[in-house]
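Please consult the sequence and the structure shown below.

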Amino acid sequence: MTRNRALKWTLPCLVSAALRLFSQPLDVFDHSPETYLGADACAACHAEQFAKQSASGHALSLHPTADHPAAASFAPSQPLVRTGGATYSYRADEGGLRVEITAQGQRIESGLEWAFGAGEQAVTFVGQVDEGRYVEHHFSYYAASGALGTTPGHRNAPARGAENALGVYYETFGPQPSIMRCFQCHSTGPLALGEGFSLRPHEPGVRCEACHGPGQRHVEAVASGQMAQASAAIRNPARLAGDELLDSCGQCHRPPASSGQVIDWSDPWNVRHQPVYLSRSACAQPGGQPLACMRCHDPHGPLSAEEARDNRRCLECHEGRVPPAPVCRQASDRACSACHMPPVRPQDELRFTNHWIGIYDPDNPLRPLDASGTPPR
């Protein structure tokens, strides 16, 4: 890779940084004698669940860029020109996606070897810049347009040279190992360090052991006929109470807000943090019904918006004892979620479902109305 400037990392610096990493609470490397076996090992006994889960957005959430199902659409045939004149030229190769950038008299070329996202909405590209840094590329692929556009969170402002135009940089071993968190939530099992201090996921995508834990002891107990030990050796999220499940899913989707935490409910980007919003719903509040993720979502299957399924879940509580309002009965051919969990579009290409279940003003899909007809604070 050529570039105008690069951080000069020495081995002692990297060792020191790695030691700081191991002292942090984020457990991204394998500190346990238990072994992650991979989803294929689960398929031997759980073929139906394996087949369904393999087609889910979770399973497809991380790929080497060259292996992504949408890879053929990633490299535009013509250069992209960013505000301010920075020019991006792309080509696909066996290593994934490469981009050449010229801006303000500078030129760099970089590889984008990782594709984050199943592609149902978007795919963001990440590459290693040098032994101490990764970059989140300025452009992402959007399924709605079938083209590249500015990555969420990036400003489409004029770039300060070609290196700045490449994207947002993250220190691999920095005090806040954000890029490791990205890999950890989009893969299964512990990370490893490869050549040049590259991050190597144990298994790309969110597969069986991401939720059920390492499977070696479970498989060994099954093989020896010790079924009680086998059950105890594997996690089963279905056994969790509603608030515990929100916390579990929230490890990657953001957990419910803790006491004193301030959340900007007017920011449409926050709607993508489903546990945060679902925990605000009366359905999930203390004293209400223990509504949590798996009441509506099949944990092994692709995300479904089947209207009949959604309505049945709502009517389990709202039929008879707490009947729907007359206006709901008049709109019985629509999904309950169409009104009570409105879609939010933080930008044209993306759509998130608001999980703060409530009664909404049609002009404000971000926060529901309270009993007085005003949005809650």
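Cys 336 is partly exposed, at a relative accessible area of 23%; this class lies between buried (under 20% relative accessible area) and exposed (over 50%), with a 1.4 Å probe and protein chains only. The model is predicted, so local features need pLDDT of at least 70 and side-chain atom pairs count only at pLDDT 80 or more, whereas totals for chains, interfaces and linings use all residues. Residues are numbered from 1 along each chain as its sequence is written, and side-chain values use heavy atoms, with hydrogens and water left out.

- Cys 249 takes part in no disulfide, and the nearest cysteine sulfur, that of Cys 293, is 3.6 Å away.
- Cys 249 counts as partly exposed, with 27% relative accessibility.

**The disulfide**

- The link of Cys 185 and Cys 252 is left-handed, with -95° about the S-S bond.
- Cys 185 lies in helix α5 (residues 178-185) and Cys 252 in helix α9 (residues 242-253), so the pair ties together parts 67 residues apart in sequence; helices are DSSP runs (H or I, at least four residues) numbered from the N terminus.

**Accessibility of the bonded pair**

- Cys 185 is partly exposed, at a relative accessible area of 23%.
- Cys 252 is also partly exposed, at 43%.

How values were computed
Disulfide = S-S within 2.5 Å. Helix = DSSP H or I, 4+ residues; strand = E, 2+ residues; numbered from the N terminus.
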